[in-house]
Amino acid sequence: MTAEPPLPDLHASDARAVATMHQVVRVFANPNRWWQNASFALPLLVTVVALGLGFALDLTEAKGFGLFAGAVTLLMVPIVLLTWRGTATAIVLTVEGVTALHLGQPIHEVAWRDLQRIEKVEYLGNSRYKLVHHDTEFLTIESEIEGAPDLVEAAFTLSGLPRQHPEETI
């Protein structure tokens, strides 16, 4: 009898989905929530601070700016929620491939046999990885995923893909 791999702190729906999967090797979690998105959180913070100062010090300009920031916050909610739907809340590695889940629903699956390469992409000081299959399709490993470098190392091992630059470490 084989021991089950330890599960990170997952959303309940992701944990239920993982429990139904076969031959799970490792699970990686994204601990973030939609409201932690900077496009929502920063305008909300500005709203609270500006309105707080505006009412505390009776500053009309601060109240006006707070109302403006509140409107921006409200406008950002649907945008953030739409983009959140495509964000992996967990990534599951199995013997057969990798599955990105969003709150328990698969949003992207790649069989190891279909994986062509693993690319490291640097953008504005952020590193992320792409598991590329079928030339133009890829599963992105965002830096918010806990243990992303370990995930990439495991992907190389499970897929059998050689590194493009063997001297490079993740």
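Predicted model: local features only at pLDDT ≥ 70, side-chain atom pairs only at ≥ 80, totals over all residues.

Trainee: Is strand β2 enclosed or open to the outside?
Mentor: Strand β2, residues 90–94, is largely enclosed by the rest of the structure, because five of its five residues are buried, that is, under 20% relative accessible area.

Trainee: Which way do its residues point?
Mentor: A90, V92 and T94 point one way from β2, while I91 and L93 point the other way, and all are buried.

Trainee: And what does β2 pair with?
Mentor: Strand β1, residues 24–29, pairs with β2 in the antiparallel sense over five bridges. R26, for instance, has L93 in β2 as its bridge partner. Strand β3, residues 97–102, also runs antiparallel to β2, and four bridges join them. There, A90 has L101 as its bridge partner.

Trainee: How many residues link β2 to β3?
Mentor: Two residues, in a hairpin.

Trainee: Changing topic: what is the strand order in the open sheet of three strands?
Mentor: The order is β5-β6-β7, with antiparallel pairing. The edge strands are β5 (115–123) and β7 (137–141), each of which pairs on one side only. On average, neighbouring strands of this sheet are turned by 25 degrees against each other, direction ignored.

Trainee: Which helix packs on that sheet?
Mentor: Helix α4, residues 148–159, packs on the sheet and touches β5, β6 and β7. The direction of α4 makes about 160 degrees with that of β5.

Trainee: How many bridges are there between β6 and β7?
Mentor: Strand β6, residues 126–133, pairs with β7 over five bridges in the antiparallel sense. In β7, T140 is the bridge partner of K130.

Note on methods
Residues numbered from 1 in each chain as written. Heavy atoms only, no water. Buried < 20%, exposed > 50% of the residue type's maximum accessible area, 1.4 Å probe, protein only. Pairing = 2+ DSSP bridges. Axes fitted to C-alpha atoms, helices over the stretch in contact; angles between N-to-C directions. Contact = heavy atoms within 4.5 Å.
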